[in-house]
Amino acid sequence: MSGFPDKAVIAGVDGMASSLTAVRWAAAEARRRRVGLRLVHAFDKDSLEYPKPLPTHDELADMARMRGQRLLRKAREAVREAEPSVDAELVLRYEKPAQALLAMSEEAGLLVLGPEEIRPLGRMLVGSVSIGLAAHAKCPVAVVRPHDGEEHPPTEGTVVVGIDGTRTSEAALALAFEEASWRRAPLVAVHTWSGAFLSALFEEARWTLDARGIEERESEVLAERLAGWQEKYPDVAVERVVVRGRPAEELLRHADRAQLLVVGSRGRGGVTGTLLGSTSQHVLSYAPCPVIVARSPEVGASALDR
């Protein structure tokens, strides 16, 4: 098990179109897991700054509260349309959104976000709040946005997981097998290796790099990592991919035919402006399907990537 078997799915609601996309996806995930769904909207005083002599702070807080209630009701209607069997609990908090969702992640099985997207020089990137929560939430975090301009993310295709042999990789593998089993989807396990540094050393020493031997050894490592999980989930068909290259590039290549991509977290830093592992950060920004960033339940927000 991934360590979060019976806890609710929590979805952030912020009024953006991507938020409703994420809410619908979260409802389907709650149905598959047979757990509750919580829709959360949070706001704080920093969002209520205004020049005088506009309405008072209390009046603006009331307006923000009413707006939050309206957004939550709209999100609940989206859930009812997408998944009528899922009953959503509405939660309104007067708190910084990132801090509220981080605190609630302690009691969640999955945190689902519709990312705040920024477009520097025409490129689409996931904003710092989503990246920060992916790095530090106490549960796995799913970042969901529309697929190729469509309203709904893909619901067919493979589940892809990145494996590098670390503890966070093992957590990603556990979650990926669960998701593939719930979805009745094949699993693609991707393990990459890079010979760039070794090639440079060998070239300088005039040695020949045994790429085939390295790949055979890496294939053995991957087989060892998968063995126990394949026994536990005999219903999941597994495709093993061992390739020389950059992890993010290979994961994105396989994500083209996937309904879900699962990676591990190696985050550091604060909740906003966080440094997330380069592979995770890259796939969050560019994957054409939803991405779940997994972590071991034993890894806390202050003890990452030691």
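Colleague: Which residues of α3 and α4 meet?
Modeller: Ala 98, Leu 101 and Leu 102 in α3 meet Val 129, Leu 133 and His 136 in α4. Contact means heavy atoms within 4.5 Å. Helices (H or I, at least four residues) and strands (E, at least two) are DSSP runs, numbered from the N terminus.

Colleague: What kind of model is this?
Modeller: This is a predicted model: local features need pLDDT of at least 70, side-chain atom pairs count only at pLDDT 80 or more, and totals for chains, interfaces and linings use all residues. Residues are numbered from 1 along each chain as its sequence is written, and side-chain values use heavy atoms, with hydrogens and water left out.

Colleague: At what angle do the axes of α3 and α4 cross?
Modeller: Roughly 25 degrees, and the axes come within 10 Å. That makes α3 roughly parallel to α4. The cut-offs: under 35 degrees is roughly parallel, over 145 roughly antiparallel, 65 to 115 roughly perpendicular, the rest oblique. Axes are lines fitted to C-alpha atoms, for helices over the stretch in contact, and angles run from 0 to 180 degrees between N-to-C directions.

Colleague: What makes α1 perpendicular, rather than parallel, to α5?
Modeller: Helix α1 (residues 17-33) and α5 pack at about 85 degrees, with axes 10 Å apart. So α1 is roughly perpendicular to α5. Trp 25, Glu 29, Arg 32 and Arg 33 of α1 touch Leu 175, Glu 179, Trp 182 and Arg 183 of α5. By class, that contact has 3 nonpolar, no polar and 5 charged residues.

Colleague: Why is Glu 179 called buried?
Modeller: Buried means under 20% relative accessible area, exposed over 50%, partly exposed in between (1.4 Å probe, protein chains only). Glu 179 has 0% relative accessibility, so Glu 179 counts as buried. Leaving aside neighbours within four places in sequence, Glu 179 contacts Glu 29, Arg 33, Val 159, Leu 260 and Ile 292.

Colleague: How do you know that Cys 139 is buried?
Modeller: Cys 139 is at 1% relative accessibility, so Cys 139 counts as buried. Cys 289 is at 5%, so Cys 289 counts as buried too.

Colleague: How many disulfides does the structure hold?
Modeller: It holds 0. A disulfide is a pair of cysteine sulfur atoms within 2.5 Å.

Definitions and conventions: Ala, Val, Leu, Ile, Met, Phe, Trp, Tyr, Cys and Pro count as nonpolar, Asp, Glu, Lys and Arg as charged, and the others, Gly among them, as polar.
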